[in-house]
Amino acid sequence: MPESTLPCQRALFEIPDEVAYFNCAYLSPLLRSVRQAGHRGVDRKVRPWQVFPQDFFDESERARELFAQLIDARAKDIALIPAVSYGVAIAAANLKLTAGDEIVALDEQFPSNVYPWLEVAKQTGSRLVFANRQPGEAWTESVLREIKPATKLVTIPSVHWTDGRLLNLPDIAQACKQVGANLVLDVTQSLGAVPFDIGSVQPDFLICAGYKWLLGPYSFGYLYVAPEFQGGKPIEHNWINRRDSEDFGGLVTYVDEFQPGARRFDVGERSNFALLPMAVAGLQQILDWRVDRINASLATLNEKITNVAEDLGLDVTPAPERAGHMLGLRFPQGPPSGLLDRLKQQNVYVSLRGDSMRVAPHLYNNDADVDRLAAGLREFM
Ligand SMILES: Cc1ncc(COP(=O)(O)O)c(C=O)c1O
């Protein structure tokens with residue numbers, strides 16, 4: 001095993017031996033440690049007399065710190081949000097677009113990063129332009145082609161959610177700077193499994209759901225806000241985001257000021273006693289493993305799957321656009337009918353997104369899972 005890879009971590013999860021789960025891009029399974037953290041969190045509400053005002057703050061700060069560590073930002077740059085759509089709504093409320101402005105997105109991008117901009121376009125007279133990838137082209141080239149003087153915003157993912165095709169974010173960020181366009185990133189399908197540092201891209205907003213590659217619970221995610229937007233407008237006004245909210249006795253002394261940094265954008269009731277400890281436990285495990293080692297380990301596993309797929313005559317996204325952590329496999333005649341059901345009968349779990357069969361493993365997958373997948377696919381070739 002190369003030094004930078006990790007051994008299989010299946011024992012830290014609760015996955016039966018016969019289940020080959022290749023669907024982390026859909027919903028990650030919970031680590032035992034995350035499950036236990038959630039149970040402890042639920043139990044706290046059984047005894048509310050043991051919950052103190054400081055408890056509304058400490059765990060939130062811990063989640064902020066750990067997420068910041070993952071992208072090499074500061075805790076104060078991070079807001080806690082329930083969904084990607086919530087983070088995109090904050091970006092949409094704080095970026096000034098006017099008639100004639102162009103917003104660039106990817107063709108078939110995940111809808112939570114499309115609908116808000118269609119709404120903005122309707123309200124402002126700006127226009128949403130979808131970058132179309134031509135055959136043989138990388139997404140980066142298609143995006144760069146659409147960035148023009150009229151472009152005021154590029155709002156894209158770090159990888160395409162259907163097949164993991166990578167985008168070169170530093171190059172796109174550079175092109176945005178040249179025309180004065182803002183950059184919004186949805187890193188849900190890569191962060192935690194692909195190394196990323198904020199300094200090399202410097203987006204204005206970066207958004208990540210926590211329930212996939214961050215191994216966290218559903219309904220808990222993160223928003224990075226660049227310093228110049230940290231004085232911006234939240235999309236709701238709640239008590240805990242205001243200055244001195246730690247003083248529960250003084251809450252009705254209403255104040256105009258907010259908590260420092262991006263905290264003003266936190267969703268109401270962000271101090272969720274069950275979800276927060278789970279989110280923290282997931283982030284802690286990712287940081288302990290190290291993202292570069294997760295990436296190298298998943299790339300090794302995906303290399304095996306690529307070999308199997310190519311031997312069977314399936315098309316695999318070519319390097320260098322192929323991500324280490326996620327694969328898109330395509331059948332020459334399109335996906336066979338009944339594919340997912342038949343695989344499911346054999347306890348093999350993948351997704352179909354468009355014409356791509358998405359294979360998204362994690363450290364719980366082993367060689368027996370790959371053999372199971374290979375046997376399942378062989379039936380269709
Ligand atoms: C790229 C991407 N962004 C966001 C989401 C989830 O969005 P939301 O948190 O708004 O439900 C998904 C879910 O599959 C996704 O693939």
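**View 1. Residues surrounding the ligand in a predicted model.** The ligand is surrounded by A83, V84, S85, F110, S112, P157, W161, D186, T188, Q189 and A209, where a residue is near a molecule if its C-beta atom, placed from the backbone, lies within 6 Å of it. This shell comprises six nonpolar, four polar and one charged residues, with Ala, Val, Leu, Ile, Met, Phe, Trp, Tyr, Cys and Pro counted as nonpolar, Asp, Glu, Lys and Arg as charged, and the others, Gly among them, as polar. Residues are numbered from 1 along each chain as its sequence is written. Because the model is predicted, local features need pLDDT of at least 70 and side-chain atom pairs count only at pLDDT 80 or more, whereas totals for chains, interfaces and linings use all residues.

**View 2. Where domain 1 touches domain 2.** An automatic or database assignment divides the protein chain into domain 1 (10-30 + 290-378) and domain 2 (39-288). In all, 21 residues of domain 1 are in contact with 21 residues of domain 2, contact meaning C-beta atoms, placed from the backbone, within 7 Å. On the domain 1 side, α8 supplies the largest share, five residues.

**View 3. Helix α1 packed with helix α7.** Helices are DSSP runs (H or I, at least four residues), numbered from the N terminus. Helix α1 (residues 32-44) and helix α7 (residues 275-289) pack at an angle of about 155 degrees, and they are therefore roughly antiparallel, a description for angles over 145 degrees on a scale from 0 to 180 degrees between N-to-C directions.

Terms used. Two residues are in contact if their C-beta atoms, placed from the backbone, lie within 7 Å. Helices (H or I, at least four residues) and strands (E, at least two) are DSSP runs, numbered from the N terminus. Angles under 35 degrees count as roughly parallel, over 145 as roughly antiparallel, 65 to 115 as roughly perpendicular and the rest as oblique.
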